[in-house]
Amino acid sequence: MGKKNKKRKFAEVGTFPNFFQPLYLELQESGFPLKGKWNSDYFKNDNPITVELGCGKGDYTYGLAKKYPNRNFIGIDLKGSRMWKGAKDSLQDDLNNVAFIRGQAQHLEYFFTPGELSEVWITFPDPQLQKPRIRKRFTHPTFLERYKKLLRPDHLIHLKTDSNEFFDYTLEVLEEEGIKPIVCIHDLYGNEKATAIEEEVRAIKTYYEQIWLAEGRIIKYVRFKLND
């Protein structure tokens, strides 16, 4: 039943107007038609664009789009069937400021032009704990350089994670790059009298975040900007 449901969702999400799944060969040969044209051809506005990497079920991208109607949001993940929920909820709520892409984070340059993005959210990424896979971490210097090429000067990058290893690694990378975090919270839900920033970041929870909290895991958050 699980496999059938997964196949059904994958087939259905492929028909959604807010979902895109280009083949890598197509990206190489003809490019992505909305690259550099997201505002003019898809969102039909000049609002800033936020990308969520590894968006999973798309519930966070959907939540952000609903909370911030004057911004545009794009969730990216490798598994299309996962994004079915976020894409479907967005359509049901008539949200015109949200889209989803089935693709890889290392292929961002195929989807966006320099300066097209204003913000990046990294929510509960795979910590890639095996040493040979460290380069796949979304806060590895290679990825930071990739983001830097596409982000506007007044950008922000956010990370939420339950992984101590990933969080500590990210802070080490930022220090090595000479980047001082704008906000760094080691226990996002540990303060009963939450600050305005904590309340803002707590406002939307991913599917997995709710699971981790129920299991008593500590959620960490850091917000930063890349050096010019």
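Trainee: What should I know about the model before I start?
Mentor: It is a predicted model, in which local features need pLDDT of at least 70 and side-chain atom pairs count only at pLDDT 80 or more, while totals for chains, interfaces and linings use all residues. Residues are numbered from 1 along each chain as its sequence is written, and side-chain values use heavy atoms, with hydrogens and water left out.

Trainee: Let's begin with the sheet. In what order do the strands lie?
Mentor: Strands (E, at least two residues) and helices (H or I, at least four) are DSSP runs, numbered from the N terminus. Two strands pair if DSSP finds at least two bridges between them. Here eight strands form an open sheet with mixed pairing, in the order β1-β4-β3-β2-β5-β6-β8-β7. The edge strands, each pairing on one side only, are β1 (19-20) and β7 (183-185).

Trainee: Which helices pack on this sheet?
Mentor: For packing, look for contact, meaning heavy atoms within 4.5 Å. For direction, compare axes: lines fitted to C-alpha atoms, for helices over the stretch in contact, with angles from 0 to 180 degrees between N-to-C directions. Among the helices on the sheet is α5 (residues 80-92), which touches β1, β3 (72-77) and β4 (98-102) and makes about 170 degrees with the direction of β4. Another is α8 (residues 164-176), touching β6 (151-161), β7 and β8 (220-224), with about 20 degrees between its direction and that of β8.

Trainee: Could we walk through the pairing around β3? How many bridges join β2 to β3?
Mentor: Five bridges join them, and the two strands run parallel. Glu-52 is the residue opposite Gly-75 of β3. Right-handed means that, with the strands pointing away from the viewer, the path from the first strand over the helix to the second runs clockwise.

Trainee: And what lies on the β4 side?
Mentor: β3 and β4 are also parallel, joined by five bridges; Phe-73 stands opposite Val-98, and Asp-77 has Arg-102 as its bridge partner. With α5, these two strands make a right-handed β-α-β unit. Further along, β4 pairs with β1 in the parallel sense over two bridges, and there Phe-20 stands opposite Ile-101.

Trainee: How many residues of β3 are buried?
Mentor: Buried means under 20% relative accessible area, exposed over 50%, and partly exposed in between (1.4 Å probe, protein chains only). In β3, six of its six residues are buried. Asn-72, Ile-74 and Ile-76 point one way, while Phe-73, Gly-75 and Asp-77 point the other. In β4, four of its five residues are buried.

Trainee: What does the side chain of Thr-161 reach?
Mentor: Thr-161, in strand β6, reaches the backbone nitrogen of Ser-163 at 3.0 Å. Thr-161 is buried, at 0% relative accessible area. Beyond four places in sequence, its contacts include Phe-124, Pro-125 and Phe-166.

Trainee: And where does Asn-39 lie?
Mentor: Asn-39 lies in helix α3 (residues 38-43) and counts as buried because its relative accessibility is 18%. Its side chain reaches the backbone oxygen of Asn-47 at 2.9 Å.

Trainee: Back to helices. Which residues of α7 are buried?
Mentor: In α7 (residues 141-150) they are Phe-143, Leu-144, Arg-146, Tyr-147 and Leu-150. They lie on the same side of α7 because they cover an arc of only 160 degrees around the axis, taken from the directions from the helix axis to the C-beta atoms. What covers them includes β2, β5 and α8. By contrast, α4 (residues 59-67) has seven of its nine residues buried, so it is largely enclosed by the rest of the structure.

Conventions. Polar contact = N/O pair within 3.5 Å; in protein donor to acceptor, adjacent residues only side chain to side chain.
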